[in-house]
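My notes follow in the order in which I looked things up.

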Amino acid sequence: MAQEIKLSELAIGATAVVRAYPKAGTEFIRLREMGVLPGTSITLIRTAPLGDPLEIKVRGYRLTLRKSEAEFVLVETT
Amino acid sequence: MAPSLTSAPQSRSFVYALVGNPNCGKSTLFNALTGLKQKVGNYPGVTVEKKIGTVYSQHGTAMSVIDLPGSYSLASRSPDEAVTRDVLLGRRPDTPAPDRILCVVDATSLERSLYLVHQILDLGRPMILIVNMMDLTFQNGLQIDIELLKQTLGIPVIATEATKGKGLIELKLAMSRLDLPLSKHAWSIPQEISSAVAQLQASLTADSQKLYLTARAEALLLLTDQAPVHVEGSKAIHPRTAEILSSWQKRWEQEGVDWAAVLIQSRYDAISKLSAKVINESETGPSLTDRIDYVVTHPVWGWLVLGISMVLIFLSIFSLAEYPMNWIDSHVTLLGNWVKGSLNPGDLRDLITDGAIAGVGSVLVFLPQILILFFFIGLLESTGYMARAAFIMDRLMNRVGLNGRSFIPMLSSYACAIPGIMSTRTIEDEKDRLITILVAPLMSCSARLPVYLLMMAALVPSDRVPLFTKATLMVLMYTLGTAGAFGFAWLFKKTLLKGSQPKMIMELPPYHLPHLKQILFQMIERAWIFLRNAGSVILTISIVLWFLSAFPKAHDGASAQEQLSQSFAGRTGHLLEPIIKPIGFDWRIGIGLISSFAAREVFVSSTAVVFSVNNNTTHAQTTPLRLALRDAHWPDGRMLFTPLVCLCLMIYYVFAMQCMSTVAVVRRETNSWKWPLFQIAYMTGTAWIITFLVYQVGTLFGF
């Protein structure tokens, strides 16, 4: 069953589809511009050795973001 | 809406703008195209590098290429990206508006790269798309249909491998074309925002005399350029345009329209369609990058790799730099002596030898370290490891409010703050970058070592410092400096340079084999920038310092010590004594402090001059400095260099800003005298306060 969780709560290795940025508006323009958009499939590859930031694979490349940023991205696991 | 304009064939030479994402091989391509025919400077008013090169068309006409800073989007996040945006939009009077655009994309991350391409195509200017790193597509299971991309976009698309020079001839041929087709860049602006775009476009055309398509592109950009980075030297948007924008934003906010998101989404919708057509992805196992990353970012092996590579870098800097440094040192001395011997004695001769030559020498002596460090920084960047180091260290750097990108500049500063500060340009956030620059010189650099070693030698009664004492003191000094750097970073972040939480949205580029030619090129370029920009400041300060120690003249036949003690520098030392007495220093140490503003290690040679006077023996020159120091006393007979004072001097040198080369580099990198002066004040102030506390408490306990 599909389930919406925060990107920061996604399990390592799991793939999910971005659903929404709950805090709409100007905050995460750059993340969107880097291709993380509602409907985009992403995979959480790993966290850094100290647990933060996260590394995701999106549109064929690797991107890092902090957990505090990933909290504002809702994803749907399948 | 498809533009019906075609670029008119012109006989004049073209100005190309070279744009692309960071890590797409743009610089390599620029160097391959222009070779050594390039001018490097700063954009006036900003610390963003301006590079313009010349390339010859197949007809022999010179064409210029402006290498714009790497950007992911025209909605800028950093001064670098702001410059790219402003040059493309014709907002900078200091740079010729490019009439054609070369856009480089990394074939392995084509889809994301097309976002910038999509924005740039809006400009409606003739453009050549360069798909670089084609060699890496195969191993990533990617197949890119260049021909289809060309057909769909309607512009020349050239596949290249810049590191191997592949595709360059085709590129030059395309650049030489008198007529370049304009793109069939047709995408419909989403309905929610289309009236706003039309109004903004009309205002930009009417109020800022922008061309039709540029105005449309800029109108679109204004919607995503929230809290735009404004850089000095760029024209701001017209008040009327700004008013239209803000009234629309208010309306959208009420209606709940996320205008920026709508725009970005519609661009990516178009991009996804295009990518699906031209990119054929086949399933491959874990790529080489995946396998390397598994080790390099592993919770255990990752630290090991990071630690070992840093240790190796430092070992090679300290062991390799020593020989050329000694060579430079001795040859500068030789040159000075030779000039001394061949000119008539006099002030002019001394100005040349003790001022100019010695000053230039103190600059040159840093070069080996700077070159070696830049070699390693280039190696880390070029292979892709730099981003991994930032990834691993981000959590720790975040504790003091910085992000992972500050790690390498700060670490480099253990060898020498100059390359450390010069490498802060990779830090996107302006405030983070400034904080890193401000605290970097607190990291104990190698120029402090001679001072530490001298003080340790003076500290112990025997000729050899026991290893344990030496190691403990060294660790103490490095810890103090590091703690100071992080403490001040935290403080500045909390107070002076309060900023938003820095983001860590960073690409981890695929690993590449290092491109040595490119690294060497950058090394030499950095070194040259240092020499040219810092050199003049340093030369001036050296001459001033020489003047202070050479004037006024003592009587004829006075010894070097007598001359120094009654010179301006010596008098300043006396003047300083009330200030430095509470931290245990007398006027003679004061002279050392003043003269070592040139560079910390000068303290050793100037104390040698000051203190050999006390020996009253003809062997003054050969008496080890250590003994001379132990012989030095206050007028009331107390020993000057007590262990406590030696320790205090070491601590003072940990914190005090005693390096004119760093001052000069900070001036260049912050583009004002404000920050280097602030840095001198806060560092030297801290040095005094901490040394005062240590000395007073130490004295209280009878040390």
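This is a predicted model: local features need pLDDT of at least 70, side-chain atom pairs count only at pLDDT 80 or more; totals for chains, interfaces and linings use all residues.

**Entry 1**

I then asked myself how many of the residues of strand E5 (residues 100-106) of chain B are buried. I found that seven of the seven are, so the strand is largely enclosed by the rest of the structure.

**Entry 2: the neighbours of E5(B)**

Next I looked up the strands that pair with E5(B). Strand E1 (residues 15-20) of chain B is joined to E5(B) by five bridges, and the two run parallel; in this pairing I saw Ala17(B) opposite Ile101(B). Strand E6 (residues 127-132) of chain B also runs parallel to E5(B), with six bridges between them, and here Asp106(B) has Asn132(B) as its bridge partner.

**Entry 3: where chain B meets chain A**

I turned to the contact between the chains, to which chain B gives 47 residues and chain A gives 34 residues. The size of an interface is often given as the accessible area lost when the parts come together. For chain B and chain A I wrote down a buried area of about 3,500 Å², of which carbon and sulfur atoms give 57%. On the side of chain B, the residues that lose the most area to chain A are Phe391(B), Arg395(B) and Ile505(B), which together make up 19% of what that side buries.

I also looked for polar links across this interface, and I noted five salt bridges as well as 20 residue pairs in polar contact. One of the salt bridges is formed by Asp290(B) with Arg62(A), whose closest N and O atoms are 2.9 Å apart.

**Entry 4: two residues that touch both chains**

Is Thr297(B) buried or exposed? I found this residue in the loop between helix H11 (288-296) and helix H12 (301-342) of chain B, and its relative accessible area of 2% falls under the 20% limit, so it counts as buried. Thr297(B) touches residues of both chains, including Arg46(A), Pro49(A), Arg388(B) and Ile392(B), and its side chain is joined to that of Arg46(A) by a polar contact of 3.0 Å.

I then followed Ile392(B), which lies in helix H15 of chain B and is buried at 0% relative accessibility. Its contacts include Pro49(A) and Leu50(A) as well as Thr297(B) and Trp303(B).

**Entry 5: Thr670(B)**

Last, I looked up Thr670(B), which I found in helix H28 (residues 660-670) of chain B and which is buried, with a relative accessible area of 15%. Its side chain reaches the backbone oxygen of Val666(B) at 2.8 Å. Beyond its neighbours within four places in sequence, Thr670(B) is in contact with Thr47(B), Leu434(B), Ile437(B), Trp675(B) and Pro676(B).

Definitions and conventions: Residues are numbered from 1 along each chain as its sequence is written. Chains are lettered from A and ligands numbered from 1 in the order in which they are written. Side-chain values use heavy atoms; hydrogens and water are left out. Buried means under 20% relative accessible area, exposed over 50%, partly exposed in between (1.4 Å probe, protein chains only). Helices (H or I, at least four residues) and strands (E, at least two) are DSSP runs, numbered from the N terminus. Two strands pair if DSSP finds at least two bridges between them. Contact means heavy atoms within 4.5 Å. A polar contact is a pair of N or O atoms within 3.5 Å; within protein, one must be able to donate a hydrogen and the other to accept it, and residues adjacent in sequence count only if both atoms are side-chain atoms. Buried area is the accessible area (1.4 Å probe) that two parts lose on being put together, summed over both. A salt bridge is a side-chain nitrogen of Lys or Arg within 4 Å of a carboxyl oxygen of Asp or Glu.
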